[in-house]
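Hi,

Here is the structure I said I would pass on.

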Amino acid sequence: MTTNTQSLSTPVAKSMKKSSLFNKIFLYTFLVVFTLSYMTPFFSAILTSVRTQDDISLNGFFSIPREIVWGNYPEAWSRGGVSKYMINSFIITIPALIGTIFLSSLSAYALARFKFPGNKLLYFMYVAGTMLPFQILLLPVFLLTNKLGLYNTYWGVILIHTAFQLGFCTFVLRNFMRTVPGEIMEAARIDGASEWGIYWKIMMPLTVPAIAAVSTLEFTWIFNDYLWAIILVQNDDLKPVTAGLSTLQGQFVTNWPLIVAGALIATVPTLIVFFALQRYFIGGLTLGSGK
Amino acid sequence: MAVSSPPVPRHKSKINWTPYLFLVGPLALYLVWIIAPMLYTFYLSLTDWDGISPEAKYIGLKNFSSLFGSFGKRVPSAFEYSLLNNIKWLLTFITVPVGIGLGLAMILNQDVKGDRYFKLGIFLPQVLSLPVIALLWSYGVYNPEAGVINSFLIRIGVSDPPAWLADKQLVIWAIIGAAAWRQIGYIMILYVAGLKNVDPTLLDASKVDGANGWQRFRHVVFPLLAPVTTIVIVISIIDSLRSFDMVWVMTKGGPANASNVLAVLMYIQSFNNYRMGLGAATAVVLFLISLVFIVAYLSRVMKDELEY
């Protein structure tokens, strides 16, 4: 990412070579001040989480903390149930992620490599599906999970995520698969490979970069879901962390630092995924925003 | 035609079933969980179903007329509030974060050392879930006693600072502000990617022609970014119509509907007031508004496809 930006900006920068030192200082000052103030909500949350309720409500945010207390984190983690919610988030996210990636790779393969009536129509259906407001599905999905006995289980949430995310994943993977030269598959076909063999042994390995990008994004999206969690899960022991935070909020109404500490713990998995797989994350976003 | 043609074996090329075999699994799941529910919501919107009784009575467009018939009263209805708030959200989203995101992308696209760190810092909120952002802002920023803003206002001597999320005038803007904060990084990243495709020789040429910075942006860079801008606008519109989490966590639509949006209203109608038919009708309204933009976007995708 950075190297590409450089190759573009260098000629431009050269043509503006004589831009004074003053401009440079101004630019950096602006960027540092802007970025730091942009991150104020983070800093304020971190600072709030290590103070006591009395201290912060009496003295306000801009005061020297009476003492730094770390206890809110373990308290939120164990007594507040964040540990349990966090495990639930993973139990929901991982199967949904694997399911949606696998199934969408199948439909993407069909849409990318075969000519058949309805191909374009299905493609447009998936693209349109990515933009649906969830509310148009809400009541029937709620009823359906009830009918199937999946209400208040992990499975209802897993299935709706798997199904809903098919649209986006199919869209991205199909466009990526179209860029794979057809000769590779033709050669395999002549060598007697089955269609499944071509998909699994040739197409899938070649699609790994796109799969990595989509998976990173999808992990974050599914992990961060809130709406389906509150619609389909009522049992507190099964809630993912996004919904669990509301319970935490109700349970500790008068302990803001603890609620904020819980919220900060909830950010850790997606932050780790983002920092570890940044390149894929950004790649997925730009892939997904359409060519 | 298929009906009238005689059952004689014809020498037509055989149907290749392979793509259908690949499609059957994902498509079945999609039909059951996405397509069918969507259609069922349309049906529900024409009924008076309460979510409990076994029978739902067909009442035609009554739900819609009761939604739109509530307009223009002295005290605005929940629906009117929600629709207006969605419009405020949408108009803010397609201007403020887009403008700031583009500006940042332009600045960071210059020869800035350490640009990655600035990008990272600004993009970071996008990685967090909306409920977390809602909590961080509720407690860290907008809290009337201990939040950053009011603590600061009190420090500089403001005696009666606003109670952001409890103030009927300010509340929706406070929530939109927090949502916009999350959005800016996303827009910036899309424009940064778009700017990579702008041919620097074009800029040099316009420079030789004597165009100044603003003119170069206005007449060269911005038109070249048009495809990115289209995507950015579509994403912003769709996101603003979807907004639920932030409102639900921060205010549940209150005080007195002042921060309600259609997605939240639909939830309240359905699950709190047991008026599932009315909730479905609100969902249909939300869907129809989205549909305008979905179709606009699809027609663009379709154009790209036909060029293949």
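Helices α5(B) and α8(B) are oblique to each other, because their axes cross at roughly 140° and only an angle over 145 would count as roughly antiparallel. Keep in mind that this is a predicted model. In chain B, α5 covers residues 115–123 and α8 covers residues 171–196, and their axes come within 8 Å. On the α5(B) side, the contact is made by B:Lys119, B:Ile122 and B:Phe123. Facing them from α8(B) are B:Ile184, B:Gly185, B:Met188, B:Ile189 and B:Val192. Sorted by class, that gives six nonpolar residues, one polar and one charged.

Now for another pair in chain B. Helix α13 (residues 262–272) and helix α14 (residues 276–306) have axes that come within 7 Å and cross at roughly 165°, so α13(B) is roughly antiparallel to α14(B). Their crossing is left-handed. From α13(B), the residues taking part include B:Leu262, B:Leu265 and B:Met266, while those from α14(B) include B:Met276, B:Thr282 and B:Leu286. This contact has nine nonpolar residues and four polar ones, with no charged residues.

Last, how do the two chains meet? In chain B, 78 residues are in contact with 77 residues of chain A. Helix α1 of chain B (residues 18–44) supplies the largest share of the chain B side, with 16 residues. That side of chain B divides into 52 nonpolar, 15 polar and 11 charged residues.

Cheers

Key
Residues are numbered from 1 along each chain as its sequence is written. Chains are lettered from A and ligands numbered from 1 in the order in which they are written. This is a predicted model: local features need pLDDT of at least 70, side-chain atom pairs count only at pLDDT 80 or more; totals for chains, interfaces and linings use all residues. Two residues are in contact if their C-beta atoms, placed from the backbone, lie within 7 Å. Helices (H or I, at least four residues) and strands (E, at least two) are DSSP runs, numbered from the N terminus. Ala, Val, Leu, Ile, Met, Phe, Trp, Tyr, Cys and Pro count as nonpolar, Asp, Glu, Lys and Arg as charged, and the others, Gly among them, as polar. Axes are lines fitted to C-alpha atoms, for helices over the stretch in contact, and angles run from 0 to 180 degrees between N-to-C directions. Angles under 35 degrees count as roughly parallel, over 145 as roughly antiparallel, 65 to 115 as roughly perpendicular and the rest as oblique. A crossing is left-handed if the near helix is turned anticlockwise from the far one by less than a right angle, and right-handed if clockwise.
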